[in-house]
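Here is a friendly walk through the inside of a helical protein model. Have the structure open as you read, and follow along helix by helix.

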Amino acid sequence: MMDHKDDATGRGDEVRRSVNAADGITTEAEIETLVRAFYTKVRADAELGPIFDRVIGDNWEPHLQKMFNFWSSVMLTTGRYKGQPMRAHLKLKTVTPKHFDRWLVLFRETAEEVCAPETAERFIEKAARIAESLQLGMFFKPQLHDPEKKHACC
């Protein structure tokens, strides 16, 4: 990851990386590395792989590009992602909350392998919030949590 040397000491990227990592900051290159490594695991996963195969099929590169843009927007506030994650996930009728749990396990594992600890933790925190938001949008049933509605229907 640190092949480019651009300062007089030949340590430009190395110094930048340590400063960024200490602050939990990432780069576009690190985002791409994380996304590619993560989706390699997802595709091989017994639970998640079949779901993604059904939806994405052989169109992985466009999906990865979309995910690079998404994570760039989330982590670097670049505004590159223009999609609607909730709408896309609402179409997934076979996805359950346990799939989000598995997704988060694989994401945490990959972030910890690819990123410095502070950066990995930032990614993981963002991923957990995103997963929670998607799950609320996909699975929250107000009548199950509202005592008045619960008694009225059951």
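Let's begin with α3. In this predicted model, the buried residues of α3 include Gly 49, Ile 51, Phe 52 and Ile 56. Looking down the axis of α3, you will find its buried residues within an arc of 160 degrees, so they line one face of the helix. Among the elements covering these buried residues are α2, α4 and α6. After α3 comes Gly 57, which has a positive phi, near 60 degrees.

Next, the nonpolar cores. The largest one has 27 residues, and Val 35, Tyr 39, Trp 71, Trp 103, Phe 107 and Phe 123 are the members that touch the most others.

Trp 71 is worth a click: leaving aside residues up to four places away in sequence, Trp 71 touches Ile 31, Val 35, Leu 76, Trp 103, Phe 107, Phe 123, Lys 126, Ala 127 and Ile 130.

Finally, how do α4 and α7 pack? Their axes are 11 Å apart and meet at an angle of about 110 degrees, which makes α4 roughly perpendicular to α7. On the α4 side, Phe 70, Trp 71, Val 74 and Met 75 meet Arg 122, Phe 123, Lys 126, Ala 127 and Ile 130 of α7. The residues of this contact comprise seven nonpolar, two charged and no polar ones.

Definitions and conventions:
Residues are numbered from 1 along each chain as its sequence is written. This is a predicted model: local features need pLDDT of at least 70, side-chain atom pairs count only at pLDDT 80 or more; totals for chains, interfaces and linings use all residues. Side-chain values use heavy atoms; hydrogens and water are left out. A nonpolar core is a set of buried Ala, Val, Leu, Ile, Met, Phe, Trp, Tyr and Cys residues joined through side-chain atoms within 4.5 Å. Buried means under 20% relative accessible area, exposed over 50%, partly exposed in between (1.4 Å probe, protein chains only). Contact means heavy atoms within 4.5 Å. Helices (H or I, at least four residues) and strands (E, at least two) are DSSP runs, numbered from the N terminus. The arc is that of the directions from the helix axis to the C-beta atoms. Axes are lines fitted to C-alpha atoms, for helices over the stretch in contact, and angles run from 0 to 180 degrees between N-to-C directions. Angles under 35 degrees count as roughly parallel, over 145 as roughly antiparallel, 65 to 115 as roughly perpendicular and the rest as oblique. Ala, Val, Leu, Ile, Met, Phe, Trp, Tyr, Cys and Pro count as nonpolar, Asp, Glu, Lys and Arg as charged, and the others, Gly among them, as polar.
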